[in-house]
Amino acid sequence: MIRRASAFAAATVLAMMGLGTPAQAQDSIGRRIAKMTLAEKVGQMVVSYVYGDSATNPSAADAAANQQAYGVSTAAEAVAKYHLGGVIYFTWSHNLNAPAQIAALSNGLQLTAMADTGIPLQISTDQEGGVVNRIGAPLAVSPGNMALGATFDPRTAEKVAKVSGQELRALGINVVDAPVVDVNTNPRNTADGVRAFSDRTDHVVAFTKSAIKGYRSAKIGTQAKHFPGLGDTTVNTDNGVAITNETKEQIESTHVPPFKAAIGAGATSVMAAHIIAPALDPSGRPASLSEPIITGLLRKQLHFGGVVITDALEAAALEDYTDQEIVLDAVNAGVDQLLMPRNVPLAIQTLLDAVAAGTISEHRIDQSVRRILKTKTYFPYVPEQPTVGTPEHLATMADAAARSITVLRKGTLPLQPGQNVLVTGWGATTTTNLANALGATRFYTGSPSDAVIAQAVAAANNADVTVVTTYNAWNDVTQQRLVAALLATGKPIVVAAVGGPYDIAYFPAAPTYVAAYGYQPVSVTALAAVLRGEAEAPGRLPVTIDGLFPYGSGMSTPS
């Protein structure tokens, strides 16, 4: 089977590189497609989750979940039964317990795929870093896109992407569902926020190019998302319908250039969002189901010849469409891969029936399969004991986080030795980690009730200085009330935003304000060093906080 995988990888590399004549290169994939059954071809177009930490030996609960989804008990059986082209890993599907376990799962699934079709399985996960990160320690974890953007150094994004890509590849994950290349023009954006590099197109373009370069140097596939851009919306399409009312000119000048940059940098795939953009498609179809957006804009105007994958088809944004409508409309729009159909067996049968009825041609299926197979140049298997979280890799992430911390108001910083410090606010783990790093007392509030706010105020009155963490407080009035109550004590208060930096607009009187852009341990450690005065805060705002701080704001806090 390993020889079979090597032969296929060599053939697809030939096709990508154009070795020999173009016809010969294309024929290597064409011959492969000609030997595939229609069911195998359609299976290549589906990327979904499977349950369990083992390919063949799931827990009873995971076996039951696989039975409900696929009619079989194991992940390996699901891959073989439906000839799946890809699997996406999640914590909630119990795929991501430990590095050696993940590598073993990947190898087991690849063994099945190779025995079934002889084609390597695409294995992916959302390891963006920051607030969307599927695998934590012992891996080296990125502080996230906006933190990287705050360094104002695209080379940092390249280094971070290379490290992340190398560690994922060691686990048998051959595609990273990143980077997010949206331009976060709406401060109240619940889809992107700190997942975006910046609110400026040129800033996002520069970091996009570097991130793709870093991932490519790690030999991992990439996924630029979410086309044609989610930066203007307030709604996360996982939770509801997102609409942008920007004009065609606004979308094409502000949100599309990073995707063009990603394509130029060699992105493997582009994820189509479920956003509705009437200026691009007056029919009101979401982008993932829109022929004018996928074929017209992405394929023809941007000349993207790679794989187009949908965002998760289980999203609430598509609840008005039937399962069959979603599948058929996506393929007719020009999509190649269907991510997480609501019903995988039905999605596959829908395409098989459409080809049988002549409403979708087998040639159209072949077009997508050809694009998919061109990306499958990776050797499927990895060592049983992966190497991750090396000192060098951890140092790369720590350096990125340290250079992202942004002080917008210095106030009472740095904290002084011997002070009685209270850490309170959002994030059970975040407040624990920060309190430990500062040697402080901790009082966790989360999104507090009035009674909890009163307790926090009482604790603050007994402290010399209080550090209060906030996370997207613009969307949580209880956090706003907590900060207002703490400021009203007249005691020294340090506000540390561990989500978007926009929170200060909701308590503009705060005299000390620091943006960390995330709550990963690497960011909390860097934040604590700045608060103690042991490190400078060289980060600068990669966004604008209207009426308060322009793009590029920040000040150094020397030790």
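An open sheet of six strands runs in the order β11-β16-β15-β14-β12-β13, and its pairing is mixed. Bear in mind that this is a predicted model. A second open sheet, of five strands, is ordered β6-β3-β2-β1-β10 with parallel pairing.

- Going from one strand to the next, the twist averages 20°.
- Further in, β12 (residues 421–425) and β14 (residues 465–470) pair in the parallel sense, with five bridges between them.
- If you want a spot to look at on that pairing, find L422, which stands opposite T466 in β14.
- Helix α18 (residues 450–461) packs on the sheet and touches β12, β13 and β14. The direction of α18 makes about 165° with that of β12.
- Helix α19 (residues 477–487) lies across β12, β14 and β15 (493–497). Relative to β14, α19 runs at about 165°.

- Strands β2 (residues 86–88) and β3 (residues 122–125) run parallel and are joined by three bridges.
- Within that pairing, V87 has I123 of β3 as its bridge partner.

- S288 sits in the loop between β8 (269–272) and α12 (291–301).
- Its relative accessibility is 0%, so S288 counts as buried, the cut-off being under 20%.
- The S288 side chain makes a polar contact with the side chain of H274, at 2.7 Å.
- Leaving aside residues up to four places away in sequence, S288 touches A272, A273, H274, T310, L318, A330, A333 and V335.

**Aromatic pairs**

- The structure holds twelve aromatic pairs.
- One of them is F152 with Y551: the ring centres are 5.4 Å apart and the planes are at 50°, so this pair is tilted.
- F152 lies in the loop between α7 (145–150) and α8 (154–170), while Y551 is in the segment after α20 (521–531), so the pair ties together parts that are 399 residues apart in sequence.
- Y551 is partly exposed, with a relative accessible area of 22%.
- Another pair, F379 with Y381, is edge-to-face, at 5.7 Å centre to centre and with 75° between the planes.
- Within this pair, F379 is partly exposed at 35% relative accessibility, whereas Y381, at 13%, counts as buried.
- Ring pairs also link Y49, Y51, F90 and W92 into a cluster.

**Arginines over rings**

- R200 lies over the face of Y551, at 4.0 Å from the ring centre.
- Over the ring of F152 you'll see the charged end of R540, 3.9 Å from the ring's centre.

- The peptide bond from A137 to P138 is cis, and its omega is near 15°. P138 is found in the loop between β5 (132–133) and α7.
- A178 and P179 are also joined by a cis peptide bond, with omega at about 5°. P179 lies in the loop between β6 and α9 (201–217).
- H303 has a positive phi, near 60°, despite being a residue other than glycine.
- You'll find H303 in the loop between α12 and β9 (307–310).
- With 63% relative accessibility, H303 counts as exposed, in contrast to S288, which is buried at 0%.

Note on methods:
Residues are numbered from 1 along each chain as its sequence is written. This is a predicted model: local features need pLDDT of at least 70, side-chain atom pairs count only at pLDDT 80 or more; totals for chains, interfaces and linings use all residues. Side-chain values use heavy atoms; hydrogens and water are left out. Two strands pair if DSSP finds at least two bridges between them. Helices (H or I, at least four residues) and strands (E, at least two) are DSSP runs, numbered from the N terminus. Axes are lines fitted to C-alpha atoms, for helices over the stretch in contact, and angles run from 0 to 180 degrees between N-to-C directions. Contact means heavy atoms within 4.5 Å. Buried means under 20% relative accessible area, exposed over 50%, partly exposed in between (1.4 Å probe, protein chains only). A polar contact is a pair of N or O atoms within 3.5 Å; within protein, one must be able to donate a hydrogen and the other to accept it, and residues adjacent in sequence count only if both atoms are side-chain atoms. Rings of Phe, Tyr and Trp (its six-membered ring) pair if their centres lie within 6.5 Å; planes under 30 degrees apart count as stacked, over 60 as edge-to-face and the rest as tilted. A charge sits over a ring if NZ of Lys or CZ of Arg is within 6 Å of the ring centre and within 35 degrees of the ring normal.
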